[in-house]
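Q: I'd like to learn how to read a model like this one, feature by feature. Can we walk through it together?

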Amino acid sequence: GPAERLYLKGAPLVEMHPVSTLPATHLLNITLFSYAGTLYFGLIATDALPNLGRLAAYVEEEIATLEAAVGIT
C-alpha cells in the first residue's frame, strides 16, 4: 500500500484494512496490507477453524517478537 498518508478533502485516512474472500476449498485466508508504515492483517476462516481469535493473538505476539528481534519499537 501507500507509504505516505492519504487524505480525502483534507480528512486523513487513518487506517486501511484488508478484505478478502475465502475460496470454497480453503479453511483460512490471511491477507496483508501496508499503509503509511503500518502492516495490517486480515484473517477470515470457516467454522471448521473455531479459534480464529486465538490465531490472531498468536500473529500479534509473533509480530512483536519479530519487531523486538530487529530493533523496531
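Q: Where does Phe 33 lie?
A: Phe 33 lies in strand E3. Before going further, note that this is a predicted model, where local features need pLDDT of at least 70 and side-chain atom pairs count only at pLDDT 80 or more, while totals for chains, interfaces and linings use all residues. Residues are numbered from 1 along each chain as its sequence is written, and side-chain values use heavy atoms, with hydrogens and water left out.

Q: What counts as a helix or a strand, and which order do the elements follow from the N terminus?
A: Helices (H or I, at least four residues) and strands (E, at least two) are DSSP runs, numbered from the N terminus. Here the protein chain has 1 helix and 4 strands, and the order from the N terminus on is β-β-β-β-α.

Q: How do I read the overall spread of the chain, and what is its radius of gyration?
A: You compare the radius of gyration, taken over C-alpha atoms, with a globule rule of 2.2 Å times the number of residues to the power 0.38. The protein chain has a radius of gyration of 15 Å, well over the 11 Å the rule gives for 73 residues, so the chain is more spread out than a compact globule. Its C-alpha atoms fill a box of roughly 45 × 35 × 15 Å along the principal axes.

Q: And what share of the residues is buried?
A: The labels go by relative accessible area: buried is under 20%, exposed is over 50%, and partly exposed is in between (1.4 Å probe, protein chains only). In the protein chain, buried residues make up 10% of the 73 residues.

Q: Back to Phe 33: what is it in contact with, apart from its sequence neighbours?
A: Contact means heavy atoms within 4.5 Å. Leaving aside neighbours within four places in sequence, Phe 33 is in contact with Gly 1, Pro 2, Met 16, Pro 18, Thr 38, Leu 39 and Tyr 40. At 27% relative accessibility, Phe 33 counts as partly exposed. Phe 33 and Ile 63 sit 30 residues apart in sequence and 14 Å apart in space, C-alpha to C-alpha.

Q: Is Asn 29 buried or exposed?
A: Asn 29 is buried, with a relative accessible area of 18%. Its place is in strand E3. Beyond the neighbours within four places in sequence, Asn 29 is in contact with Ser 20, Thr 21, Leu 22, Gly 42, Leu 43 and Ile 44.

Q: How should I read a surface patch, and which residues make the nonpolar one?
A: Patches are made of residues with over 30% relative accessible area and no salt bridge: like charges are joined within 9 Å, nonpolar side chains (Val, Leu, Ile, Met, Phe, Trp, Tyr) within 5 Å. A salt bridge is a side-chain nitrogen of Lys or Arg within 4 Å of a carboxyl oxygen of Asp or Glu. Areas come from the Shrake-Rupley method with a 1.4 Å probe, and for residues only the protein chains shown count as cover. Here, Leu 27, Leu 28, Ile 30, Leu 32, Leu 39, Phe 41 and Leu 49 make a nonpolar surface patch of about 570 Å². E3 (28-35) and E4 (38-45) each supply at least two residues of the patch, and E3 gives the most, with 3 residues. Phe 41 is found in strand E4 and is partly exposed, with a relative accessible area of 32%.

Q: What does phi tell me, and what is its value near Lys 9?
A: Most residues other than glycine have a negative phi. Lys 9 has a positive phi, near 55°; Lys 9 is in the loop between strand E1 (7-8) and E2 and is exposed, with a relative accessible area of 85%. Ala 36 also has a positive phi, near 50°, and lies in the loop between E3 and E4.

Q: Last one: how far does helix H1 reach?
A: The expected span of a helix is 1.5 Å times one less than its number of residues. H1 (residues 52-70) has 19 residues and reaches 27 Å from its first C-alpha to its last, close to the 27 Å expected. Gly 71 follows H1, and its phi is positive, near 85°.
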